[in-house]
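Dear colleague,

I am handing over a structure to you with this email, and I would ask you to keep it open beside the text while you read.

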There are 2 protein chains.
Amino acid sequence: MRPRIVIIGGGFGGMAAIHALRGVAADITLVDRTNHFLFQPLLYQVATAALSPADIATASRALLRRDANVEVLMAEVTGIDPDRRRVHLVESQDLTYDYLILATGCRYSFFGHDEWAPYVKELKNLADALAIRDIVLAAFERAEETQDPEELRRLLTFVIVGAGPTGVELAGTIAELSRSTLVRDFKRIQPQSARIILCEAGNRVLAAFPEKLSAYGAQVLRELGIELRLGEAVTAIDADGLDVGESRIETDCILWCAGTQAAPAAGWIGAKTGKHGGIAVLPDCSVPGHPEIFAIGDVASFSLASGQSLPGLAPVAKQQGAHVGNMLKRLIAGETSRPPFEYRDYGTMAVIGRSRAVADFGRFTLTGWPAWLAWSMVHLMLLIDFRSRVLVFVNWSWAWFTYGRGARLLIGTPPARKRSKSRPPQAVAGTEGIQHDKDIRG
Amino acid sequence: MRPRIVIIGGGFGGMAAIHALRGVAADITLVDRTNHFLFQPLLYQVATAALSPADIATASRALLRRDANVEVLMAEVTGIDPDRRRVHLVESQDLTYDYLILATGCRYSFFGHDEWAPYVKELKNLADALAIRDIVLAAFERAEETQDPEELRRLLTFVIVGAGPTGVELAGTIAELSRSTLVRDFKRIQPQSARIILCEAGNRVLAAFPEKLSAYGAQVLRELGIELRLGEAVTAIDADGLDVGESRIETDCILWCAGTQAAPAAGWIGAKTGKHGGIAVLPDCSVPGHPEIFAIGDVASFSLASGQSLPGLAPVAKQQGAHVGNMLKRLIAGETSRPPFEYRDYGTMAVIGRSRAVADFGRFTLTGWPAWLAWSMVHLMLLIDFRSRVLVFVNWSWAWFTYGRGARLLIGTPPARKRSKSRPPQAVAGTEGIQHDKDIRG
């Protein structure tokens with residue numbers, strides 16, 4: 001009988017595993033909560049109105065159309081029975097497997113303060129990105145309307161927590177949105193006066209990069225008018241703002257890009273966890289005690305000989321996916337060897353703003369224009385299909401030449417304004433939004 | 001003192017009025033419920049995953065950036081005091097005006113059956129389009145999962161009510177989605193077996209077109225495998241389906257494209273209404289008794305000498321907007337003449353499917369390829385900016401050559417499945433969607 005392989009999660013890791021398994025004599029099922037593969041490195045550009053969701057996401061089924069041995073299931077996993085080799089799904093029959101690949105990624109962690117979750121926005125999927133876009137764009141619209149100077153100040157205060165690549169990219173693009181794109185479009189407010197605050201508990205931005213790149217990044221961020229709060233931890237978050245170090249910031253917009261947590265996949269199989277709650281895996285990426293289960297990408301905690309763990313980066317997930325896929329191919333063909341996974345670091349990059357980026361290629365580093373050009377070209381190249389490449393290229397070109405943002409659309413229901421909290425819901429602007437917005441504009 | 005002009009609604013009519021008023025010595029305020037101008041003729045392509053919202057919508061502020069005398073306010077109108085010349089807004093100060101232009105468009109009407117509203121989806125704005133996209137795409141995903149043949153049948157039944165241009169366009173593109181795009185992507189179900197039913201109480205499709213074009217349209221729709229139910233009225237709609245004529249159709253997806261209603265702007269000013277609840281206007285587009293108030297586009301009911309009313313088409317709105325804008329310009333300059341509005345009909349078109357359309361230019365008509373080519377070129381040309389034109393062209397070309405749909409993304413919260421109604425919400429797939437979907441895929 002053909003072995004059954006179940007892959008949970010269709011991100012970089014899961015997709016790389018499927019590609020490596022192409023044509024293998026096995027029945028493969030990809031289970032994903034969404035219906036699309038998302039090119040996450042550009043997600044912040046959806047959140048900041050530069051790109052559309054469809055520019056960086058492609059239907060998984062369309063990508064796997066030619067793989068006759070792959071079945072795609074859009075479903076939610078609720079648990080795994082590793083002894084009976086079954087995956088439990090919401091409202092669907094269990095899936096059975098001979099081999100299981102866990103590639104469920106990670107989410108942000110609140111360092112034990114889960115009560116902060118309702119007051120912040122994370123950026124992990126397309127719905128998050130669109131929600132952030134709504135919040136940011138709506139803040140400027142409301143600021144234009146308000147007569148209350150205090151509300152104006154709060155509306156135009158944007159706080160980003162965590163100065164890793166995502167936090168830096170978000171802060172940089174929100175700064176440019178307010179300083180360049182919107183500045184010409186509002187007549188009452190000065191969008192360029194928006195306060196953008198990047199908080200980082202550590203001592204430098206882009207801590208995973210060499211120190212001189214961090215220094216360059218901090219300098220560019222400051223030139224963009226971003227307030228850097230380094231070495232100051234967030235100590236409280238509530239509906240009106242947050243406490244950072246010794247001071248209080250009143251804001252409606254807190255974007256959370258700090259810490260990661262790999263839950264809940266480890267719990268499904270009762271696995272031992274390593275860094276960030278990731279499943280501690282053996283050198284071949286399998287789970288101790290379960291040679292038929294593999295964990296790859298952000299959900300895994302892979303320890304190097306040095307004692308360090310591999311970082312949560314797309315290339316790690318892709319390479320681990322390819323490693324496990326190739327190994328399974330050989331195991332299915334009857335081989336028994338399980339070579340250890342070896343990560344090849346081709347370098348890391350982060351973009352800070354228009355024509356400003358940092359790139360660390362190990363032997364040498366780049367900053368400024370050259371780094372930005374390298375970043376742009378590499379990301380265009382890595383996009384998964386030709387259509388995405390053309391669309392992203394058109395949008396980037398347009399944005400670069402005009403300083404415009406093509407996807408400046410408020411579509412969802414903007415959250416009710418603070419000062420209207422006590423009013424009955426039917427009197428709050430925009431709350432009819434999705435259900436009954438019948439284009440009687442005004 | 002400079003006169004104040006308030007324009008409510010930034011669609012085709014309102015924007016045309018603003019353009020005509022360019023440079024006039026007046027302070028203009030555009031009030032719109034959304035932050036964007038929407039090219040509504042292509043909205044059905046967003047609903048059917050061919051285009052992204054940002055391809056056909058542009059931030060109103062960006063469009064009006066160079067008009068120093070125009071202020072844009074994203075706000076919701078709650079009423080108008082025509083005697084004191086004030087516009088009431090939700091949570092904002094009243095606006096005062098010397099001239100008021102009502103361009104609030106229309107919504108669909110349920111012919112007195114407002115209780116049907118919760119069970120159907122309309123297509124009037126971007127949120128509607130994305131909701132329809134979610135419903136249609138999710139239906140196929142769920143069908144792939146279900147083991148229940150009855151549920152499968154209901155999930156793959158799509159009903160469109162109203163065979164005007166929007167209904168025909170939606171039916172045609174959903175048919176092509178199921179017959180061409182999705183057919184290769186699912187392994188358990190046959191997407192091409194989806195039942196697509198177009199219901200029309202009248203005797204023919206595209207009733208506003210000459211009879212021979214209706215006949216051609218009906219033939220193409222039938223070739224696409226669409227069931228036409230002509231001359232059969234919808235008599236009941238509930239959560240499980242609808243009654244059409246003598247028969248019952250079980251379905252989760254009812255798209256409503258029938259009838260229009262111009263409420264509530266007429267009520268705001270206590271105006272007399274004409275066809276479809278539109279404000280009955282004088283030949284100069286002003287409201288009887290209020291020479292300072294104008295109604296244009298779908299919110300107006302403009303009677304021709306023949307006794308007929310002008311149809312609810314984008315060109316009517318655009319021409320009326322330009323007419324009122326130009327007239328106001330002259331009135332402000334001290335002239336007193338109020339010429340009557342004259343509609344110039346350049347022809348109407350509707351697309352039915354890939355390479356199939358109808359076009360009525362009065363003196364001659366087109367069908368098939370030539371009509372489709374004309375439709376495509378005219379719509380590309382009419383798009384409001386260069387960026388949209390390039391993006392739509394890329395997406396159309398890609399779709400044409402590959403039969404693909406680039407925006408096949410399920411992003412929002414797919415509605416809970418029927419059979420899970422009795423289950424507690426936390427057990428329903430996807431309901432965490434927007435709030436807590438943290439990319440732990442699976």
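What follows is a short account of what was found in it.

Please bear in mind that this is a predicted model, in which local features need pLDDT of at least 70 and side-chain atom pairs count only at pLDDT 80 or more, whereas totals for chains, interfaces and linings use all residues. Residues are numbered from 1 along each chain as its sequence is written, while chains are lettered from A and ligands numbered from 1 in the order in which they are written.

Chain A is divided into domain 1, made up of 4-33 + 75-106 + 262-332, and domain 2, which covers 114-258 (the bounds come from an automatic or database domain assignment). The C-alpha centres of these two domains of chain A lie 34 Å apart.

Chain A also has an open sheet of three strands in the order S15-S16-S17, with antiparallel pairing (strands are DSSP runs of E with at least two residues, and helices are runs of H or I with at least four, each numbered from the N terminus; two strands pair if DSSP finds at least two bridges between them). Strand S15 (234-238) and strand S17 (247-250) of chain A each have a single partner strand, so one side of each is left without a neighbour in the sheet. Strand S16 of chain A, residues 241-244, pairs with S17(A) over four bridges in the antiparallel sense, and A:Asp243 stands opposite A:Arg248 in S17(A).

Turning to the two chains, 73 residues of chain B are in contact with 73 residues of chain A (contact means that the C-beta atoms, placed from the backbone, lie within 7 Å). On the side of chain B that touches chain A, the largest share, seven residues, comes from helix H5 (residues 126-145) of chain B.

With best wishes
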